[in-house]
Amino acid sequence: MDDFNLDSEEIEDQDSSIVTLVDENGNDVRFDILDVITYEGETYAIMDPIDDHGEDEDVEVVILHMVPVDDDFDMEGVEDEKLLDTLFELFQANNPDLFDN
């Protein structure tokens with residue numbers, strides 16, 4: 001699973017939910033942060049890779065664990081399938097307007 005680093009300077013606009021992360025290969029990857037969920041004392045970002053799909057395609061979210069490091073944090077991939085399912089269910093419950101019924 002990919003790990004990403006994020007500095008507060010990489011947030012494009014403090015009022016925006018767009019961030020640029022650097023993947024393990026040194027590539028910049030832009031994401032739209034759709035939600036931030038705290039579950040069992042840990043924080044997770046639910047994110048949409050911006051350059052990954054066209055307007056008509058379904059959004060496939062990425063769920064990353066936000067790990068505090070000094071004044072910033074690292075984003076780590078979540079590998080536990082049960083945890084991913086739980087976090088996605090919480091995301092759906094928090095954002096029903098994003099899903100067709």
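Biologist: How many residues does helix H1 have, and what distance does it reach from its first C-alpha to its last?
Modeller: In this predicted model, H1 runs over residues 81–94, which makes 14 residues. At 1.5 Å a residue, a span of 20 Å is expected. The helix comes close to that, reaching 20 Å.

Biologist: Why do the buried residues of H1 line one face of the helix?
Modeller: The buried residues in H1 are Leu83, Leu84, Leu87 and Phe91. Seen down the axis of H1, they line one face because they fall within an arc of 100°. An α-helix has 3.6 residues a turn, so residues three or four places apart point the same way. The arc that holds the buried residues of H1 is 100°.

Biologist: Which strands are included in what covers the buried residues of H1?
Modeller: The face turned away from the buried side carries exposed residues, Glu81, Lys82, Glu89 and Ala93. The cover over the buried residues includes strands E3 (28–39), E4 (42–49) and E5 (62–69).

Biologist: Which residue has a side-chain oxygen that reaches the backbone nitrogen of Lys82 at the start of H1?
Modeller: Lys82 is one of the exposed residues of H1. Its backbone nitrogen has a side-chain oxygen within 2.9 Å, and that oxygen belongs to Asp80.

Biologist: Is His65 buried or exposed?
Modeller: His65 is found in strand E5. Its relative accessible area is 16%. Buried means under 20%, so His65 is buried.

Biologist: With which side chain does the side chain of His65 make a polar contact?
Modeller: Beyond its neighbours within four places in sequence, His65 is in contact with several residues, including Tyr44, Asp74 and Glu42. The polar contact between side chains, at 2.7 Å, is with Glu42.

Note on methods. Residues are numbered from 1 along each chain as its sequence is written. This is a predicted model: local features need pLDDT of at least 70, side-chain atom pairs count only at pLDDT 80 or more; totals for chains, interfaces and linings use all residues. Side-chain values use heavy atoms; hydrogens and water are left out. Helices (H or I, at least four residues) and strands (E, at least two) are DSSP runs, numbered from the N terminus. The expected span of a helix is 1.5 Å times one less than its number of residues. Buried means under 20% relative accessible area, exposed over 50%, partly exposed in between (1.4 Å probe, protein chains only). The arc is that of the directions from the helix axis to the C-beta atoms. Contact means heavy atoms within 4.5 Å. A polar contact is a pair of N or O atoms within 3.5 Å; within protein, one must be able to donate a hydrogen and the other to accept it, and residues adjacent in sequence count only if both atoms are side-chain atoms.
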